[in-house]
Amino acid sequence: MKNDMLQAYKQAPWRTQIQWVGVFLLIVVAVATVAGLYLYISGRSAATGRRIQNLESELAILHRQNNDLETLLGEIQSENALSERMNSMNMRSLTPEEALYLEVPGYVPAEGPSFAPPPTILEERTPILLPEFTSTFFEWISSKLQAGPQNSTPTNEVQP
Amino acid sequence: MSENIKTRFLMICVICTAVACIVGIQMIRIQNTEAAQRLLDASESYQGVTRIVYPDRGNIYDSKGRLLAGNETSYEIGLDLNSISQPETVASIASSVLGLDYAKVLGYATMTPGNGNPIYQVLDDFVSQDKIIELETIKDDYDNREAKGKEILPNIDGLIWTAHSQRTYPEGTLASNILGFYSYLDRTGGIGYFGLEEAYDSQLSGTPQEVYIVFDPQRLSTVEEVPPGVTLVLTLDREIQAMTEKALDEAIEWSGAENGTIIVYDPEDGSVISMATAPRLDPNNYWDYADLFPNPTPFNAAISKTYEPGSVFKVLTMAAALDSGLVDPETRFQDTGAFNIGGATIYNWNMGAWGDVDMTECLQYSLNVCMSWLSTEMGPDTFYSYLKNFGLDRKTGIDLGGESSWPLKLPGDSLWYEVDLATNSFGQGISLTPIQMVMAIGSVANDGRMMAPHLVKSMVIDGKQYNVDPVVVGTPIKTETARTLTKMLVNSLENEASNALVEGYSVAGKTGTGEIATPYGYSSTETNASFVGWGPSEDPKFLVYVWLEKPSISIWGSEVAAPVFSDLVSKLVVLMDIPPDSVRLAGSYSTAEK
């Protein structure tokens, strides 16, 4: 069998050349694949980086616009502006004699403006998935080894 | 292979190795030269830039959430000298739109960058949005033109504008004595002056952070967000502040006073609802400060200017006398019209003798002789102990920059004389700021509990709103004493048919006329006219302190300051939704809606 193969290769040396070409092409394809993947990843990374930069810039612009609008609103609703509007509409402040007071059961006056939620105490929540479902096999083994031997609980006892 | 060939191969190997070693050594040497290090350092500037990011200064709102101090966008205009192709056009546009000097801009625009010249030249700063819109319109117009033949189109390339934040106060002068101002023209070293801007400067400005921004898109990542400065929500009510300022301005004009102060305070929790002084600065134009406040005019007289308060102080003397058990409201006093102490004689305001009077009448007729008798009977230890408990020997600690106080003269001090025990009892020979008086007398209105005056109601820090709890400074008098004294002061105003009375509302109060010390003794023609009052008397929601300096139409607090109090309170009750006694005390009334 071995002799047959050697004879076949001696009679047709292009077989060896094809083998070399095949190996070379395989290497070229592998290198091209790696290069293509690298190019794709780096391109994606660069594009994402640029997008982040643009979003940050947009965020800064929006933040400034927000400030500008708040200031504009403050100017429009300023005491001076409202007084002028009041005067131009022939309105005036209420006098104590003109005020009519009504009892409104259950009415609770507003506490004041709220610009953010109040501080809260951070509570540690029980994870929905147990560690058995999230940890790897090695993590599970190491945790078991660290925990050491545990007393087994009776399984025949009915838990309430 | 012959020996000769072997030797030749060996020689070639040695030479090649030697050359390789030399090349390697040279490479290492070149990389460690100073020039290489400079090149390396220079290359870093192409990789990214380190910038200090200044957070937006925190906003300030009134108690109803109306903006008092905020930020808006303004622009820096500059020249990128590498990008300028038409210096004349740039100079012409900068001159016509921004009002800059044409020749000066042209001079900058024709500079060659490098060789000692900058590559960027600032032309103007704090330019408004309107001007930028105008520039953008011109730029768009130039960019959209199409050249005909060999026509050269105009452009303003190289003229660039960069946005940044600018402190702004939409209410102008309103409450400026409380807000203070921020020196926003100094973009990197600006600080807050006076008021809240000074007291909360570090919190409002936040923490600037150094951020490295890379140019390589592959290394780009989110820049760490710089949290804004702390936002303040005040106890101050803008409508009441505006009304108080208007009332003060009218009072100054009407009375011919040189100056004045009005404070509206909630004795229950120490909140300052409004605080008006004159003059007032527009913090948007803070550079007018030196013109408006020539030395020694204080920025906020309510916390910085001490004066001899006069008879309003009698509230504290009577509080001490009642609380120490020396007298009760029915205690009688024979007023002979003169009281001798320490070689001096104390007289009443009209130099008269009022005969047999009780303690309410002592307050009602504002008898100096009676008060001198009370302080002397108490003795210096008890009397001054009460004054210290009222916090008159120190600053109130109000959360505003620029508070000052005058040392309280005490027995044993070189400047204290026996007669001071008498004169102090009716508010002479003792210097206090209006806010000290407000805090001390506030304890009488608040069942004996003295609350720290404050302006900040809550703060927004890192997206969470924290409420500031009121602080009890002390309990200088008992609850019973405070209630008794309040009733006495209500009765004294009603018996006197005072100008301070407010129709439909029961108020307690006391007038004050303080003589002003001059280098030649006390002036009898120039006074400090004051009034302190609170209401509704059985459940005080406000305490109002009025002080007018040197009024010209009358020297008496009862004729000048008391009517101002009455007028102001009649407006205040409407703004604070406080129904008249007839409605409020009628039955189950608890909360009202107009």
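Helices (H or I, at least four residues) and strands (E, at least two) are DSSP runs, numbered from the N terminus. The structure is a predicted model, in which local features need pLDDT of at least 70 and side-chain atom pairs count only at pLDDT 80 or more, whereas totals for chains, interfaces and linings use all residues. Residues are numbered from 1 along each chain as its sequence is written, and chains are lettered from A and ligands numbered from 1 in the order in which they are written.

**Figure 1. Secondary structure of chain A.** Chain A contains five helices and one strand. Their order along the sequence is α-α-α-β-α-α. Of its 160 residues, 3% count as buried (20 or more other C-beta atoms within 10 Å of the residue's own; 12 or fewer is exposed, in between is partly exposed, and C-beta atoms are placed from the backbone).

**Figure 2. Helix α2 of chain A.** Helix α2(A) covers residues 14–76, a run of 63 residues. From its first C-alpha to its last it reaches 90 Å, close to the 93 Å expected at 1.5 Å a residue; the expected span is 1.5 Å times one less than the number of residues. The helix is hardly covered, with three buried residues, namely Asn67(A), Thr71(A) and Gly74(A). The cover over these buried residues includes β3 and β5 of chain B.

**Figure 3. The side of chain B that touches chain A.** Here 47 residues of chain B are in contact with 38 residues of chain A, a contact being two C-beta atoms, placed from the backbone, within 7 Å. The elements of chain B that each supply at least two residues to this side include β5 (159–168), α9 (238–255) and α18 (557–575). Strand β3(B) gives the most, with five residues. By class, this side of chain B has 19 nonpolar, 17 polar and 11 charged residues; Ala, Val, Leu, Ile, Met, Phe, Trp, Tyr, Cys and Pro count as nonpolar, Asp, Glu, Lys and Arg as charged, and the others, Gly among them, as polar. The predictor gives the complex an ipTM of 0.81 and a pTM of 0.83.

**Figure 4. Confidence along chain B.** The mean pLDDT (the predictor's confidence in each residue, from 0 to 100) of chain B is 91, and 98% of its residues reach 70 or more. Over residues 590–594 of chain B the pLDDT is below 50, yet this stretch has 15 contacts in the model beyond near neighbours in sequence.

**Figure 5. Surroundings of Leu572(B).** Leu572(B) lies in helix α18 of chain B. It counts as buried because it has 26 C-beta neighbours inside 10 Å. Leaving aside residues up to four places away in sequence, Leu572(B) touches Ile240(B), Val264(B) and Phe542(B).

**Figure 6. Packing of helices α16 and α17 of chain B.** Helix α16 (residues 434–445) and helix α17 (residues 479–496) pack at an angle of about 95°, with their axes 7 Å apart. The helices are therefore roughly perpendicular, a term for angles of 65 to 115 degrees. Axes are lines fitted to C-alpha atoms, for helices over the stretch in contact, and angles run from 0 to 180 degrees between N-to-C directions. Ser443(B), Val444(B) and Ala445(B) in α16(B) meet Ala482(B), Leu485(B) and Thr486(B) in α17(B). This contact has four nonpolar, two polar and no charged residues.

Definitions and conventions:
Angles under 35 degrees count as roughly parallel, over 145 as roughly antiparallel, 65 to 115 as roughly perpendicular and the rest as oblique.
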